[in-house]
Amino acid sequence: MHQDRALEIMMRGDNIILTGPAGAGKSYLIDKFVKKARRHGKKVSITATTGIAASNIGGSTIHSWSGIGIGNKLHPDFVYTISDGRKKAINKIDVLIIDEVSMMNSYVIDMVNDAMKIIRESEEPFGGLQVILVGDFFQLPPVDKTGNGGFITESAAWKELNLTVCYLEEQHRTDDNRLQEILNRMREGTLRQKHMNWLMERWRITPPEDTTRLYTLNVDVDKENEKRLAEVPGDTQYYLRTYRGSNYEAIENLQRSVLAPQLLALKVGALVMAVKNDPAGDYANGSIGTVESFTDEGLPCVILQSGKRVVFTPQEWEARKNDKLLAAITQIPLRLAYAITVHKSQGMTLDAAEVDLSSAFAPGMGYVALSRVRTLGTLYIKGLNQRSLMVSDKAREIDKELREKSRSML
């Protein structure tokens, strides 16, 4: 489907699944739709499944926006845990956009659906909102630690929404035919030796110094970031994470979910990433910048890529049950950003990337990593394993069905 046709369908108010391969222009089209919809007086909320993805599109995470929390079902007293301000904001919205839905668990979208019905006091899907889901199911699948989740196509909300499929098939990210053929063959599961030969031409070439490194494991990201920080001249400032609360299990769970490190080490000139949404709106989870200086109180002053200068103060992450505080962690909401995980790179377009897939463990990791760049000439491959270039069989089934439904509308 062409973008103009998809935009026409979006503007008429349909609930939409907007999909297609990396580089097909999904983010561009969403930006175009949001501007046009707002000119027509519609109020649009832009969300995504992860902080990085939300930052890329200028929105917030769907968990934060909807207030559903991090469990796998709504709390019975959910409606009383949402502030009046949040309820009013949600009730004013006409359109809800959720990006990177390949990573969204089926139970999460059902929770959001139920939450919107409660807040908006309507039994219509999502309380009567127009819903636009955006994503490519060949990218990273949902992480399911509960055993109760799966792709959103398995959810009750998917069936209720009666989605119109807009499958974009044009390619806008790359004019490199070889890279595009590799990505298409990965989607089809028909990679041949010539495609491997093309990839091997990028094997173990030393990348430019400012190239972003992509790894599949956090431990490798941490190792690279520590190495790069050591190369930055000047003194190091340290910030220690602090805790409160008596529930040991809650503290342990909170530690695993908080991306701010136990001991944060920073220098002037260090490349950093925000790991929490700022309550004042000065930065988002995923915002990247460079430490410019430290205040007299020792707080880092960061120039974000947006050009905004922000002093980062300690922030708190909480775990609660009803109104009872179980645990809390306080830290400067930053981490080093010389290297990031493949997971956090989803949705980004990079000028160049060095990818290490030698520890790839999930379908779609290689596809996400390789599709971050526009050409093979800016791709540097440090490592591969047998799972590196695999995609999900379930994703292939979903994609085929969606593509056929989209084409039947033409």
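**Model.** I am working from a predicted model.

**Aromatic pairs.** I looked for ring pairs and found four in the structure. I took up Phe137 and Trp158, whose ring centres are 6.5 Å apart. Their planes stand at 80°, and over 60 counts as edge-to-face, so I noted this pair as edge-to-face. I then checked where the two residues sit. Phe137 is in the loop between strand S5 (130–134) and helix H8 (156–161), while Trp158 belongs to helix H8. The pair therefore ties together parts that are 21 residues apart in sequence.

Are these two residues buried or exposed? Phe137 has a relative accessible area of 1% and is buried. Trp158 is buried too, at 17%, because the limit for buried is under 20%. I also found Phe151 joined with Phe137 and Trp158 in a cluster linked by ring pairs.

**Charges over rings.** I looked up two cases. Lys276 lies over the face of Trp317, 5.6 Å from the ring centre. Arg202 has its charged end over the ring of Tyr380, at 5.1 Å from the centre.

**The sheet.** Strand S19 (residues 353–356) and S20 run parallel and are joined by four bridges. Both belong to an open sheet of four strands, in the order S18-S7-S19-S20, with parallel pairing. At the edges I found strand S18 (339–341) and strand S20 (379–383), each pairing on one side only. From one strand to the next the twist averages 25°. Helix H11 (residues 218–231) packs on this sheet and touches strand S7 (212–215) and S18. The direction of H11 makes about 170° with that of S18.

Methods:
Residues are numbered from 1 along each chain as its sequence is written. This is a predicted model: local features need pLDDT of at least 70, side-chain atom pairs count only at pLDDT 80 or more; totals for chains, interfaces and linings use all residues. Side-chain values use heavy atoms; hydrogens and water are left out. Rings of Phe, Tyr and Trp (its six-membered ring) pair if their centres lie within 6.5 Å; planes under 30 degrees apart count as stacked, over 60 as edge-to-face and the rest as tilted. Helices (H or I, at least four residues) and strands (E, at least two) are DSSP runs, numbered from the N terminus. Buried means under 20% relative accessible area, exposed over 50%, partly exposed in between (1.4 Å probe, protein chains only). A charge sits over a ring if NZ of Lys or CZ of Arg is within 6 Å of the ring centre and within 35 degrees of the ring normal. Two strands pair if DSSP finds at least two bridges between them. Axes are lines fitted to C-alpha atoms, for helices over the stretch in contact, and angles run from 0 to 180 degrees between N-to-C directions. Contact means heavy atoms within 4.5 Å.
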